[in-house]
Amino acid sequence: LRKLVLSSSVRTPLISCVRNCSGEGPSWAERQMATIGKREVVGFGLNGNPSYVDMPEFPMPAIRWKEPTAEIMALREKEKGDWSKLSIQEKKDLYRASFRQTLSEFAHTDVGCWKFTVGGVCFIISIGLCIFMLEKEFIYGELPESFTPESQRKQLKYMIDSGNASPITGVASMWDFENERWKEGAK
């Protein structure tokens, strides 16, 4: 055990784990900034993480799409003034520095997604039907005798004759005992 603790292959990860857990080392914000580079954080983002996502449900990502260059920074200074002095191309460049696609571009990218969904649903339904057919064939036995129409008629006759079927509101109330048939209007 002593050799295991003293070996450098075990000691280095153990020390870094202790350092990070004790509050030393890079903080959460520093680790996040290392993953996004020099891109500017401009909002809360999806789930509070500084990440870029193109989604119609969440149109404002937390960070800009491109890292700032000298050209983009000059345009950002120019945009603080009168927008009528900006050319159409400069406005497009500013937009593309912040966003990868326009709303109409990324909203229409998954037009074939419904085919995959319908295919998946049909596949799952077919698997369920196959399992049902296999169970019916190999697991379930024959239906009991009480399920045959003749046996059900006998059970109904017994219920009516024995009086156990509530002669006021039950099945017996719809039976005409004098003519041995169902009353008119009985369901």
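Colleague: In which crossing, left-handed or right-handed, does α4 pass α5?

Modeller: This is a predicted model, in which local features need pLDDT of at least 70, side-chain atom pairs count only at pLDDT 80 or more, and totals for chains, interfaces and linings use all residues. Residues are numbered from 1 along each chain as its sequence is written, and side-chain values use heavy atoms, with hydrogens and water left out. A crossing is left-handed if the near helix is turned anticlockwise from the far one by less than a right angle, and right-handed if clockwise. Here α4 passes α5 in a left-handed crossing.

Colleague: Which residues make the contact between α4 and α5?

Modeller: Contact means heavy atoms within 4.5 Å. From α4 come Ile72, Leu75, Arg76, Lys78 and Glu79, and from α5 come Glu90, Asp93, Leu94, Ala97 and Ser98.

Colleague: Which residues of α4 are buried?

Modeller: Buried means under 20% relative accessible area, exposed over 50%, and partly exposed in between (1.4 Å probe, protein chains only). Ile72, Leu75 and Arg76 of α4 are buried. Down the axis of α4, these buried residues fall within an arc of 105 degrees, taken from the directions from the helix axis to the C-beta atoms, so they line one face of the helix. That buried set packs against α5, whereas Ala70, Glu71 and Glu77, on the other side of α4, are exposed.

Colleague: Where does Glu67 lie?

Modeller: Glu67 is in the loop between α3 (28-36) and α4. Its relative accessibility is 39%, so Glu67 counts as partly exposed.

How values were computed
Helices (H or I, at least four residues) and strands (E, at least two) are DSSP runs, numbered from the N terminus.
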